[in-house]
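Colleague: I would like to learn how to read a protein model step by step. Could we look at one together?

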Amino acid sequence: MIRPSTPRRPSRLGTPIAASAALVVAFGTVLAGPTALGARPMPPTVRSDSLSPAATVHEAVRATTATLTASVPGAEDGLAELLASLAGEGGLFGHSGKLRARFVAPTRALTIPAVARVFGDSAARVPGVYTPRVEAEQPLALVTLVPFAEKKRGRIGSYRMGSWPFERGTASGGTYGRFDGFIRVTPQNQNTYVSEHFRLRDFLTKDQRAVWPKYLVLREPLLDKLELVIEELDRSGTPVRHVSVMSGFRTPQYNDQGVGAGGRAQNSRHQYGDAADVFVDNDRNGRLDDLNRDGRVDTRDVGVMVAAVERIERRYPDLVGGAGVYRATSAHGPFVHVDVRGSRARW
Ligand SMILES: [Ca+2]
Ligand SMILES: [Ca+2]
Ligand SMILES: [Zn+2]
């Protein structure tokens with residue numbers, strides 16, 4: 001399908017175009033949300049039966065790239081732009097290679113005409129979780145976000161969120177500024193894996209249990225860092241089968257309830273979707289495990305996790321952020337706070 005005259009610009013587009021094309025192939029099927037809103041699954045650009053049963057993302061990438069560059073004027077630029085907005089420093093699957101979802105604002109990459117044409121208009125307009133329709137070596141979901149502006153008077157629908165400091169004109173710089181939007185989490189899509197060890201539901205604010213859909217802010221670099229820390233623990237002799245997220249995203253209205261001495265920070269990173277309070281819990285008893293094997297569970301075991309965080313931050317400076325050690329109280333066991341605020345912080 002490629003015209004012989006199609007210009008190739010590998011130096012600028014090499015890896016990005018390949019990875020973004022994987023998305024184009026991968027997201028044909030609407031898992032939840034859009035269907036309820038009346039959207040139709042888009043027609044596949046590359047039919048899955050035209051690929052071998054063992055088709056990998058890379059094979060699909062090549063096929064779709066060929067189709068796009070041949071049939072859609074400007075597609076190369078569109079794809080490059082799409083990937084630039086998705087891939088980040090670590091590539092499509094992150095430094096860890098373990099990301100299983102990418103989050104995209106509808107106003108951003110997907111409104112590029114070439115891409116909307118391939119995904120179908122609904123993928124750009126309708127928030128939802130889009131899952132692969134071709135067999136892929138590495139599964140990946142595309143999450144189209146709900147625009148921030150859909151929050152009205154502190155709510156989306158009946159889900160209470162409150163207001164962020166940048167809406168009140170305070171603390172609005174850098175990573176404390178406006179973000180792309182919200183993930184709409186439904187009973188149907190809450191089990192979607194966002195990385196190898198974590199699902200959407202793990203990061204939901206722990207209130208309003210009966211209210212659906214819920215809304216979530218979550219950033220891929222946090223997931224990437226958590227996966228790298230798990231890998232680092234494994235590598236250094238602390239096998240990890242399960243990490244429990246005690247607290248992931250916190251809506252401002254929920255966070256505000258816990259602000260005070262010994263409590264939550266007024267402008268907590270948890271409100272920005274890049275922080276999580278976690279502990280290794282291989283035996284799934286709801287408490288941190290005895291990671292240093294001294295017969296006790298205490299902050300020294302949290303220290304084993306912080307040491308892994310330190311090594312990961314040295315290796316991946318773009319994932320630098322906060323690490324905080326918390327001791328057990330009557331309400332919870334010891335845990336570590338991890339975030340990717342962009343500058344080093346320890347407590
Ligand atoms: Ca445990
Ligand atoms: Ca211990
Ligand atoms: Zn925290």
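Colleague: Which residues touch the most other members in the largest nonpolar core?

Modeller: Please keep in mind that this is a predicted model. A nonpolar core is a set of buried nonpolar residues joined through C-beta atoms within 7 Å. Here the largest such core holds 60 residues, and those that touch the most other members are Val-143, Ile-183, Leu-216, Leu-226, Val-229 and Val-278. Helix α6, which spans residues 220-235, gives the most to this core, namely seven residues.

Colleague: Why does this core lie between domain 1 and domain 2?

Modeller: Domain 1 (15-144) and domain 2 (196-347) both give residues to the core, so it lies between them.

Colleague: What is the strand order in the open sheet of five strands?

Modeller: To read a sheet, one asks which strands pair, and two strands pair if there are at least two bridges between them. In this sheet the order is β10-β11-β13-β12-β14, and the pairing is mixed. Because β10 (243-247) and β14 (345-346) each have a single partner strand, they stand at the edges, and one side of each is left without a neighbour in the sheet. Strand β10 runs antiparallel to β11 (residues 275-280), the two being joined by four bridges, and Val-245 has Val-278 in β11 as its bridge partner.

Colleague: Which strands are at the edges of the open sheet of three strands?

Modeller: That sheet has the order β5-β8-β9 with antiparallel pairing, and its edge strands are β5 (146-147) and β9 (214-216), each of which pairs on one side only. Two bridges connect β5 with β8 (residues 181-185) in the antiparallel sense, and the partner of Val-146 in β8 is Phe-182.

Colleague: How many helices and strands does the protein chain have?

Modeller: The protein chain has eight helices and 14 strands. Of its 347 residues, 44% are buried, and among contacts between residues at least 6 apart in sequence, 70% join residues at least 24 apart.

Technical notes. Residues are numbered from 1 along each chain as its sequence is written. Chains are lettered from A and ligands numbered from 1 in the order in which they are written. This is a predicted model: local features need pLDDT of at least 70, side-chain atom pairs count only at pLDDT 80 or more; totals for chains, interfaces and linings use all residues. A residue is buried if 20 or more other C-beta atoms lie within 10 Å of its own, exposed if 12 or fewer, and partly exposed in between; C-beta atoms are placed from the backbone. Two residues are in contact if their C-beta atoms, placed from the backbone, lie within 7 Å. Domain bounds come from an automatic or database domain assignment.
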